[in-house]
Amino acid sequence: MSASEWLQFFEELGACRVLNVCLSGGEPFIRDDLRELLSSIVQHHMRFTILSNGSLITNDVAAFIAATGRCDQVQISLDGSCAAIHDTFRGAGSFDGAVRGVRTLQRHGVPVSVRLTVHRRNVNDLEAAADFVLNVLHIPAMGTNAASHLGSCAERERDIALTVEDRRRAMQSLLHIRQK
């Protein structure tokens, strides 16, 4: 949608007394008009969450988000403990971009969360990934979901979809992480 369409939509949401808006994508930070959109959300007395891969987050935009005082969180997708694992699903260089995005947001005091999509290529890395998120990035918790049959997952299902055995291993790992 165009910026004017989004601005009208946010005005309507505000009139309906909506409290929270979640911006996702694709990638919200690819929009040149993101500041204008966020300003409209704030102007209409709503809070916001952004779902992102983290790679396009700059100091300027992180400072802007922090200055709004209305951001509940920016959720970054991080699917492994290292580039060798994360990048197999998200693309070359995406791990470094995600980590850079997390650290940029943290420097500006923006609440950050991490979502890990469990897939065939990271199912054996879940404990290391949790350790990285909790102890290296110092994010107090992380969420998970399983790769679904949508988007790039549908296109690469043989490489990504979890087998029954993968799901069992993932659940065991996630229970072990939770106990820790």
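Mentor: Start with histidine 45: it counts as exposed, because its relative accessibility is 62% and the cut-off is over 50%. Keep in mind that this is a predicted model.

Trainee: Where does histidine 45 lie?
Mentor: In the loop between H2 and strand S2, which spans 47-52.

Trainee: And what is phi there, at histidine 45?
Mentor: Near 65°, a positive value in a residue other than glycine. Most residues other than glycine have a negative phi.

Trainee: What about histidine 138, what is its phi near?
Mentor: Phi of histidine 138 is near 60°, positive again in a residue other than glycine. Histidine 138 sits in the loop between helix H6 (126-136) and strand S5 (142-146).

Trainee: Is histidine 138 buried or exposed?
Mentor: Exposed, because its relative accessibility is 59%.

Trainee: Switching to peptide bonds. Is the one from glycine 25 to glycine 26 cis or trans?
Mentor: Cis, with omega near 15°. Most peptide bonds are trans. Glycine 26 is in the loop between strand S1 (20-23) and helix H2 (34-43).

Trainee: New topic: threonine 117. Why does it count as buried?
Mentor: Because its relative accessibility is 8%, and buried means under 20%. Threonine 117 is in strand S4, residues 112-118.

Trainee: Which side chain does the threonine 117 side chain make a polar contact with?
Mentor: That of arginine 90, at 3.5 Å.

Trainee: What else is threonine 117 in contact with, leaving aside neighbours within four places in sequence?
Mentor: Besides Arg90, there are Asp79, Phe89, Asn122, Asn145, Ala146 and Ala147.

Terms used: Residues numbered from 1 in each chain as written. Predicted model: local features only at pLDDT ≥ 70, side-chain atom pairs only at ≥ 80, totals over all residues. Heavy atoms only, no water. Helix = DSSP H or I, 4+ residues; strand = E, 2+ residues; numbered from the N terminus. Buried < 20%, exposed > 50% of the residue type's maximum accessible area, 1.4 Å probe, protein only. Polar contact = N/O pair within 3.5 Å; in protein donor to acceptor, adjacent residues only side chain to side chain. Contact = heavy atoms within 4.5 Å.
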